[in-house]
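Subject: Structure handover and notes

Dear colleague,

I am passing on the structure we spoke about, together with some notes on what was found in it. Please read the notes with the model open beside them.

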Amino acid sequence: MRLTVTVLLLALALNAAQAAPLQGSNGNATVVLFGATEMSILGDKDATTEILKVDVGLMDAENATYQLVDADNNIYLPDLYRPLSSGKQLLYFRVPKDSLFRLVNVTPKGGTPIYINWWATPKGSNDRLILRYYGIADWLINPGDQSIVISVRVQNNCTQNLIISPENFTLLDQWGWPYRPTSGFDPEIIGPQNASGRVKLGFTGVSLLSRPAALAYDYMTQDQIVIVFERDHVPLSDVTVYGANATRGLRQIRSIKEEVAASKARLAATKAK
C-alpha cells in the first residue's frame, strides 16, 4: 500500500515537469535559458569533446554575444547559432566531455552584461548511495518514437561493495509512466566510499508525447531514490559560482541594477502620463 501511494503521488507531482528555465536581466534586455542537451560528435567515438546545445530566448534586444564558463573558469564561445522562432535560438558549444559549468555571460547588443548561474547537478540519496544526474547526453526524435540517453554517477556510502547496472534505473515521463533502459554500461562494482565515473543509460521506444520528467533508482522498492527534474534542477547558488567573499558585493551590484531598472520604469510611466 505504501508503494502504491508513493507512485500515485509521484505521478501527480510529475505533471508537465521538466528542468526549470534560468533567467537574467540587465533592466532592459532579458535572457532565458530553457535547457541544455549534450550531443556526441558524429563519426568520432574516441572524441574527448562533445557538443553542448543550449536553448536560449532573448527579449527586448536585437542580438547578443554568449560566453559559457566552466568550473575551472575556462570560457567557451558558440561554434554555431541556429535561429528558431519568436526570439529563440540554439547555441552549439564544443566543450570537453563531462564538463561542469557555473555560469553564462550574455551581453546584449548595446547593453550591459547579464550573468546567469548555471544549473546545479541534481542528486538524491538513501542510506546506501548518492545518485547524481548530469542531464541528457543524447536525444533522437524518430518518426514514431524517441531515443534518449542520460548521464549519471553513483557514489557508494556503504562499508561494502555496491553493484550497479542499467537495471537499477527507471526513466519517468510527465505522467509518471516508467521506461526501463534498453542499453547502457556493463555492471560495475563500486568500492566502499567510492564513486563510479559518469555512465550512460539509453532509453528507446519512448512515446513522442512523453517528456523526461524524473529518474529513479531501484524504483518501487522501499529505499527508492527519485530525482524530479523540475524540482531538483535548480540554479547554482551565488556562493558556489562566485565564492563566499564575492556574494556580498554581488548582492550590492544586483541591488543597484534593480534600483536603476525601477527608476527607468517609473520614468517611463511618468512620460506615458
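A nonpolar core, as the term is used here, is a set of buried Ala, Val, Leu, Ile, Met, Phe, Trp, Tyr and Cys residues joined through side-chain atoms within 4.5 Å, where buried means under 20% relative accessible area, exposed means over 50%, and partly exposed lies in between (1.4 Å probe, protein chains only). This is a predicted model, in which local features need pLDDT of at least 70 and side-chain atom pairs count only at pLDDT 80 or more, while totals for chains, interfaces and linings use all residues. Residues are numbered from 1 along each chain as its sequence is written, and side-chain values use heavy atoms, with hydrogens and water left out.

The largest nonpolar core has 26 residues, of which Leu 33, Leu 68, Phe 93 and Trp 118 touch the most other members. At least two residues of this core come from each of strands E2 (30-39), E3 (49-59), E4 (64-70), E7 (88-96), E8 (101-108) and E9 (114-117); helices (H or I, at least four residues) and strands (E, at least two) are DSSP runs, numbered from the N terminus. If contact is taken as heavy atoms within 4.5 Å, and residues up to four places away in sequence are not counted, Leu 68 touches Leu 52, Asn 74, Ile 75, Tyr 76, Phe 93, Val 95, Phe 101, Leu 103, Val 104 and Trp 118. Another core, of 24 residues, lies apart from the largest one, and among its members are Tyr 179, Ile 190, Leu 215 and Tyr 217.

The two open sheets

Strands are said to pair if DSSP finds at least two bridges between them. E4 and E5 are joined in the antiparallel sense over two bridges, and Val 69 has Ile 75 in E5 as its bridge partner.

A further open sheet, also described by four strands, runs in the order E15-E14-E18-E19 with antiparallel pairing, and here the edge strands, each pairing on one side only, are E15 (178-179) and E19. E14 (residues 169-173) pairs with E18 in the antiparallel sense over five bridges; within this pairing, Asp 173 has Pro 212 in E18 as its bridge partner, and Leu 171 stands opposite Leu 215 in E18. E18 and E19 are antiparallel too, over four bridges, with Leu 215 opposite Ile 227 in E19. E18 is mostly covered, since six of its six residues are buried.

Loops and individual residues

Gln 193 sits in the loop between strand E16 (188-190) and strand E17 (199-206), whereas Met 220 belongs to the loop between E18 (212-217) and E19 (225-228) and is partly exposed, with a relative accessible area of 43%.

Pro 166 is found between strand E13 (162-164) and E14, and its relative accessible area of 9% makes it buried. Its C-alpha atom is 8.3 Å from that of Thr 182, 16 residues away in sequence, and, leaving aside neighbours within four places in sequence, Pro 166 is in contact with Pro 181, Gly 184, Phe 185 and Leu 201. Pro 235, in the loop between helix H2 (229-232) and helix H3 (238-242), is by contrast partly exposed, with a relative accessible area of 45%. The C-alpha atoms of Pro 235 and Gln 23 are separated by 9.8 Å, although the two residues are 212 residues apart along the chain. With neighbours within four places again left aside, Pro 235 is in contact with Leu 22, Asn 117, Trp 118, Trp 119 and Ala 120; of these, Trp 118 is also one of the core residues named above.

Finally, Leu 208 lies in the loop between E17 and E18 and counts as partly exposed, at 42% relative accessibility.

With best wishes
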